[in-house]
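Hi,

Here is the structure I promised to hand over. Please open it first; my notes follow below.

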Amino acid sequence: MHYVHAAITKSMRLYPPVPVNFLRAEAADVLPDGTAVGAGWFVAYNSYAMGRMESVWGEDARAYRPERWLDPAEGTFQPDSPFRYIAFHAGPRICLGKEMAYILMKSIVACVLEEFELAVDGAYRPRQVTSLTLRMADGLPVTVKARVN
Ligand code: HEM
């Protein structure tokens, strides 16, 4: 399950379910990099862009490589800072359902893969719809075959 956890993490780094988020400052404040924020201002961050930035993740930022989250010797999942891996937000308002979401996603992957083989056409590029949540306009065509044991 460590690899599945890493694969889901990687997928949500490239395709964060909440691609853009914004919050409103109750009071004037200063961000850690020195940027001043006035009372009542909205501050937005773009999780989709952050998950693909070489300045944050290195040269292979866009490569699908779940192994980067696994300890090379033990194969165990190594979490990154939520301020870098921002899919669930970070700080005091981090997603309260994060661990439950992982359990649900891993359960679904395990149940589906136990019974079926899935194949996605690697050349197909889904049209992404930007909204509060990241969606695919026309879905994702997948060939599903019952697994023969
Ligand atoms: C892949 C699934 C999920 C993702 C990507 C996700 C992402 C997020 C994000 C980005 C926020 C911050 C929103 C904001 O402050 O503007 C958030 C907050 C929250 N999430 Fe999730 N979430 C997921 C699943 C869940 C589930 C399954 C639950 C409940 C069982 C949950 C409960 C909450 C709650 C209660 C907050 C508000 C926390 C607070 O403001 O103090 N989330 N989530």
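**Helix 4**

Helix 4 has 18 residues, which should span 26 Å at 1.5 Å a residue; its end C-alpha atoms are 26 Å apart, so the two agree. The expected span is 1.5 Å times one less than the number of residues. Helices here are DSSP runs of H or I with at least four residues, strands are runs of E with at least two, and both are numbered from the N terminus. Helix 4 is hardly covered: its count of buried residues is 0. Buried means 20 or more other C-beta atoms within 10 Å of the residue's own, exposed means 12 or fewer, and partly exposed is in between, with C-beta atoms placed from the backbone.

Two points on provenance. This is a predicted model: local features need pLDDT of at least 70 and side-chain atom pairs count only at pLDDT 80 or more, while totals for chains, interfaces and linings use all residues. Residues are numbered from 1 along each chain as its sequence is written.

**Ligand shell**

The ligand is surrounded by 13 residues, and the closest are H89, C95, L96, G97 and A101. A residue qualifies if its C-beta atom, placed from the backbone, lies within 6 Å. Strand 1 (20–24) and helix 4 (98–115) each supply at least two of the shell residues. The shell holds 9 nonpolar, 3 polar and 1 charged. Nonpolar covers Ala, Val, Leu, Ile, Met, Phe, Trp, Tyr, Cys and Pro; charged covers Asp, Glu, Lys and Arg; the others, Gly among them, are polar.

H89 sits in the loop between helix 3 (54–57) and helix 4. Its phi is near 70°, a positive value in a residue other than glycine. Most residues other than glycine have a negative phi. H89 is partly exposed, because 18 other C-beta atoms lie within 10 Å.

**Strand 1**

Strand 1 lies largely in the open, because 0 of its 5 residues are buried. It pairs with strand 4 (residues 42–46) in the antiparallel sense over 5 bridges; pairing takes at least two DSSP bridges. L23 has V43 of strand 4 as its bridge partner.

A6 is in helix 1 (residues 2–14). A6 counts as buried because it has 20 C-beta neighbours inside 10 Å. Leaving out residues up to four places away in sequence, A6 touches P66, W69, L70 and F77. Contact means C-beta atoms, placed from the backbone, within 7 Å.

The largest nonpolar core has 6 residues: I8, M12, M50, Y85, I86 and A87. A core joins buried Ala, Val, Leu, Ile, Met, Phe, Trp, Tyr and Cys residues through C-beta atoms within 7 Å.

Best wishes

Definitions and conventions. Contact = placed C-beta atoms within 7 Å.
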